[in-house]
Amino acid sequence: MQASFILFRLLLLYHHPSLSLRLDSNNLPPELYLTPWLLTFFARTLDMQTTLALWDQYLLENDPLLHHFLLLAFLRQHLPLLLSCPHDVLPETISNLSFSGLIEVKSLIFEAKLIKKDTPESYCRRLYRVCLTDLNPSS
């Protein structure tokens, strides 16, 4: 899981360097805000109807890497808030982020697919190896 956090930080740095810098300078590494979203795939912060809609859409996409890009799309959706909120409430702000409804779910999935398309293929290959294959020390 640690490798996923490192790769997510690189993805964030590539697509949104200002947000990456803001989170880093406030001592908010990806493991602090991604863990609850990754472990529950957003179920902790969403109502049941939205959670099921998200999971349905994710399964229909049949892309095992999509959740990484969905996480970035989710942060991107809240970019103005995350860049402008006072630094002392940034941890609370990021942990309270949410979305609701099928329209927002479909919008996030669409955005995630666009982000993936705009991401270097070498990153996607590395992410695939980290997430979906057994790694040995020489990988």
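Predicted model: local features only at pLDDT ≥ 70, side-chain atom pairs only at ≥ 80, totals over all residues.
Let's start with Thr 51, which counts as buried at 3% relative accessibility. Thr 51 sits in helix α4, which covers residues 48-61. Setting aside residues up to four places away in sequence, Thr 51 touches Phe 42, Ala 43 and Leu 46.

Another threonine is worth a look. Thr 45 lies in the loop between α3 and α4. Which residues does Thr 45 contact, once neighbours within four places in sequence are left aside? They are Trp 37, Ser 95, Leu 97 and Ser 98. Thr 45 also has Asn 96 at 7.6 Å, C-alpha to C-alpha, although the two are 51 residues apart in sequence.

Now let me step back to the whole chain. The protein has 9 helices and 0 strands. Its radius of gyration is 15 Å, close to the 14 Å from the globule rule for 139 residues, so the protein is as compact as a globular protein of that length. Along its principal axes, the C-alpha trace spans about 40 × 35 × 25 Å. Buried residues make up 42% of the 139 residues. And if you take contacts between residues at least 6 apart in sequence, 75% of them join residues at least 24 apart.

In soluble globular proteins, nonpolar side chains tend to be buried together. Here, the largest nonpolar core holds 42 residues, and those touching the most other members are Phe 8, Tyr 33, Trp 37, Phe 42, Leu 54, Phe 69 and Leu 75. Which helix gives the most to this core? That is α5, with 8 residues.

Let's stay with α5 for a moment. Of its 12 residues, 10 are buried, so α5 is largely enclosed by the rest of the structure. Among those buried residues are His 67, His 68, Phe 69 and Leu 75.

Apart from neighbours within four places in sequence, Leu 54 is in contact with Phe 41, Phe 42, Leu 46, Leu 70, Phe 99, Val 105 and Ile 109.

Next, the aromatic rings. The whole structure contains 9 aromatic pairs. One of them is Phe 69 with Tyr 123, an edge-to-face pair with 6.4 Å between centres and 75 degrees between the planes. This pair links distant parts of the chain, as Phe 69 is in helix α5 and Tyr 123 is in helix α9, 54 residues apart.

Last, the cysteines. How many disulfides does a search of the whole structure find? The count is 0. Cys 124 is in no disulfide, and the nearest cysteine sulfur, on Cys 131, is 11 Å away. A disulfide needs the two sulfur atoms within 2.5 Å, so that distance rules the pair out.

Definitions and conventions: Residues numbered from 1 in each chain as written. Heavy atoms only, no water. Phe/Tyr/Trp six-rings, centres within 6.5 Å; stacked < 30°, edge-to-face > 60°. Helix = DSSP H or I, 4+ residues; strand = E, 2+ residues; numbered from the N terminus. Buried < 20%, exposed > 50% of the residue type's maximum accessible area, 1.4 Å probe, protein only. Contact = heavy atoms within 4.5 Å. Core = buried A, V, L, I, M, F, W, Y, C linked by side-chain atoms within 4.5 Å. Rg over C-alpha atoms; globule rule 2.2 N^0.38 Å.
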